[in-house]
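Here is a brief report on a two-chain model. Please read it alongside the sequence and the structure.

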Amino acid sequence: MSGSDLLIVLAAFLASAVEAVEALTIVLAVGLTNGWRTSLLGAAAGSAVLAIVVIALGPALVRIVPIEGLQVLIGALLLIFGLQWVRKAILRATGRKGLHDEAAIFAAEVAALRQGPGVGPDLDWTGFVVSFKGVFLEGLEVAFIVLTFGANRDGAFGLSALGAVAAFVLVAIVGAVVHRPLTRVPENTIKFSVGLMLIAFGTFWAGEGIGVEWTLQDWMIPLLAILYTGVAFTLVQWLKRNIPAKGVVGGVSA
Amino acid sequence: MRYVVGFGRFWYDFIVGDSIVLALGGVATLVVGVLLVRAGAHLAGEVALPVMVVATLAASLPMRR
């Protein structure tokens, strides 16, 4: 392998690793809050649809798939969904909403399953959709990276794909190692953190989709997460100090 | 019909949930972002998006005693 070959592998590896870490973050977040079966099924479904799209379109993918439109759609949904979670977490932290009541939630889930579509008692559709979208969009970006680096010269496609696969394997191993310690974190803290991450991802993706040129590129995601965390904690403190809760509203919180 | 209603309810819960302010704020954030980008104000767009998100979150919370 020549020096330029190594550079292509390394460039594809690093670029793909960034996207894979972003997908892993969402899969871990959904796994911790909505269950691992839901999260992994969503990720598997996202990967399967992605594989079908990539195999069907091949190199024409870059021209055909409207990545900006997908970023706006998925980004907006994650943004709104993340805002809902953070709002609930703030209400819980300030005593305005009940903490998790497993028995009541189970009863509500059973009632919902009797009314609407479902594939099993422990599969949460919301978590499935979030995990699916995260893996599909990030995977699509990896496919774009592989095709872009691979189009540089003859034979570069294999090198580019090698870099992407290596990044995926490494990130998957990291995910398998870190998921267990994360399960010890209190549930409301996890939901707070997940909501904040979803808002950060949502803002970033939707912004990219509508044409915002983020100065710090992908580094903007952790910066947005830090900003939103600071704002959320300030809101919690402000509400606790200035507007004391009259009582808990609603016994069940998802 | 039951599945159509269930499907519609799922997406309503996903997008609107407990507070319609969040859905409206999310859409307003994107509209403002599009307008700024189309006007060539890229830096303003970069700043406006997180500011609008923060304002949306604050507006959805109970701010009165």
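Helices here are DSSP runs of H or I with at least four residues, numbered from the N terminus. By that rule, Leu14(A) is found in helix H1 of chain A, residues 3-34. The model is predicted.

**Leu14(A)**

Is Leu14(A) buried or exposed? Leu14(A) has 12 other C-beta atoms within 10 Å, so Leu14(A) is exposed. Its C-alpha atom is separated by 7.2 Å from that of Ala167(A). Along the chain, Leu14(A) and Ala167(A) are 153 residues apart.

**Chain B**

Chain B has three helices and zero strands. Its pattern along the sequence is α-α-α. Of the 65 residues in chain B, 29% are buried.

Confidence comes next. Chain B has a mean pLDDT of 88. In chain B, 97% of residues reach 70 or more.

For the model, ipTM is 0.90 and pTM is 0.69.

**The interface**

How many residues of chain A are in contact with chain B? The number is 32, and they meet 33 residues of chain B. Four helices of chain A each supply at least two residues to this side: H4 (67-93), H6 (125-150), H8 (187-210) and H9 (220-242). H4(A) gives the most, with 10 residues. By type, the side of chain A that touches chain B holds 21 nonpolar, eight polar and three charged residues.

**H4(A) against H2(B)**

Two packed helices are described by the angle between their axes and the distance between the axes. The axis of H4(A) comes within 9 Å of the axis of H2(B), residues 20-38. The two axes cross at roughly 140°. Angles over 145 degrees count as roughly antiparallel, and 65 to 115 as roughly perpendicular. H4(A) and H2(B) are therefore oblique to each other. Their crossing is right-handed.

Which residues of H4(A) meet H2(B)? They are Val72(A), Ala76(A), Leu79(A), Ile80(A), Leu83(A), Gln84(A) and Arg87(A). On the H2(B) side, the partners are Leu22(B), Ala23(B), Gly26(B) and Leu30(B). The residues of this contact divide into eight nonpolar, two polar and one charged.

Notes: Residues are numbered from 1 along each chain as its sequence is written. Chains are lettered from A and ligands numbered from 1 in the order in which they are written. This is a predicted model: local features need pLDDT of at least 70, side-chain atom pairs count only at pLDDT 80 or more; totals for chains, interfaces and linings use all residues. A residue is buried if 20 or more other C-beta atoms lie within 10 Å of its own, exposed if 12 or fewer, and partly exposed in between; C-beta atoms are placed from the backbone. Two residues are in contact if their C-beta atoms, placed from the backbone, lie within 7 Å. Ala, Val, Leu, Ile, Met, Phe, Trp, Tyr, Cys and Pro count as nonpolar, Asp, Glu, Lys and Arg as charged, and the others, Gly among them, as polar. Axes are lines fitted to C-alpha atoms, for helices over the stretch in contact, and angles run from 0 to 180 degrees between N-to-C directions. Angles under 35 degrees count as roughly parallel, over 145 as roughly antiparallel, 65 to 115 as roughly perpendicular and the rest as oblique. A crossing is left-handed if the near helix is turned anticlockwise from the far one by less than a right angle, and right-handed if clockwise. pLDDT is the predictor's confidence in each residue, from 0 to 100.
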